[in-house]
Amino acid sequence: MSIKSVKEQFDKIAPDLKILEFNEPTATVEQAARVHNVEPGQIVKTIALVLDKPILLMTAGDVKIDNKKYKDLFKKKAKMLSADDTLTYTSHPIGGVCPFGLPIKIDIFADKSLIAYDLVIPAAGSRNSSVKIQRKRLFEITNAMLIDVTKNL
């Protein structure tokens, strides 16, 4: 179970972070924003994509990938991993993908859209879990590289 790998990582590197589990799903931005009573932009979308290898892209919940910006930066069109490949490479199901508890090293990118928020809420490995974390700390824990590849909705 992927939430277990997130808990194990937090126990080692950030024991103060608590995984929040809910009886209702938080798998979509809208669901998570409603459950947490926050703006959709505070919800971190973590998207599993493939270049020559899998990558994770974290964005604010209220933006979309700008295909031109993405292609200009990565020299390839944005292509999402399949649900099966996402589970294989991240150990998390779609709707619970997060940059924590990964079974292999994956490059993690953070879009500048997240800078608008000090407190952000990514998933925590399942379709009904999340963690509240300071944006700056999220970037530090994940070693995320800051990029600009989104447009506002």
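Is Lys68 buried or exposed? Lys68 is exposed, at a relative accessible area of 59%; here exposed means over 50%, buried under 20%, and partly exposed in between, with a 1.4 Å probe and protein chains only.

Before I go on, a note on the source. This is a predicted model, in which local features need pLDDT of at least 70 and side-chain atom pairs count only at pLDDT 80 or more, while totals for chains, interfaces and linings use all residues. Residues are numbered from 1 along each chain as its sequence is written, and side-chain values use heavy atoms, with hydrogens and water left out.

Let me stay with helix 3, residues 67-74. Helices (H or I, at least four residues) and strands (E, at least two) are DSSP runs numbered from the N terminus. The N-terminal end of helix 3 is capped by Asp66, which places a side-chain oxygen 3.0 Å from the backbone nitrogen of Lys68. After the helix comes Lys75, with a positive phi near 65 degrees.

Lys68 also forms a salt bridge with Asp72, at 3.0 Å from N to O. The term requires a side-chain nitrogen of Lys or Arg within 4 Å of a carboxyl oxygen of Asp or Glu. About one helical turn separates the two, because Asp72 and Lys68 are four residues apart in helix 3. An α-helix has 3.6 residues a turn, so residues three or four places apart point the same way. Asp72 is partly exposed, with a relative accessible area of 43%.

The whole structure holds nine salt bridges. In one of them, Arg137 and Asp16 bring their closest N and O atoms to 2.6 Å. Arg137 belongs to helix 5 and Asp16 to the loop between helix 1 and strand 1, so this pair links distant parts of the chain, 121 residues apart; Arg137 is partly exposed, at 25%. Another salt bridge joins Lys53 and Asp107, at 3.1 Å. Lys53 sits in the loop between strand 2 and strand 3, and Asp107 in strand 5, so parts 54 residues apart in sequence are tied together. Both partners are partly exposed, Lys53 at 46% and Asp107 at 29%.

What does Leu114 touch, beyond residues up to four places away in sequence? Leu114 meets Val44, Met58, Thr59, Ala60, Val120, Arg135 and Phe139, contact meaning heavy atoms within 4.5 Å. Arg135, in helix 5, counts as buried at 16% relative accessibility. With neighbours within four places again left aside, the contacts of Arg135 include Ile115, Tyr117 and Asp118.

Finally, the surface. The largest pocket has a volume of about 430 Å³. On a 1 Å grid over the protein atoms alone, a pocket is an open set of points where a 1.4 Å probe fits, with protein on both sides within 12 Å along at least five of seven lines; lining residues have an atom within 4 Å of a point. The volume is the space filled by probe spheres set on the points, which are joined across faces, edges and corners. Strand 2 gives the largest share of the lining, seven residues.

Note on methods. A polar contact is a pair of N or O atoms within 3.5 Å; within protein, one must be able to donate a hydrogen and the other to accept it, and residues adjacent in sequence count only if both atoms are side-chain atoms.
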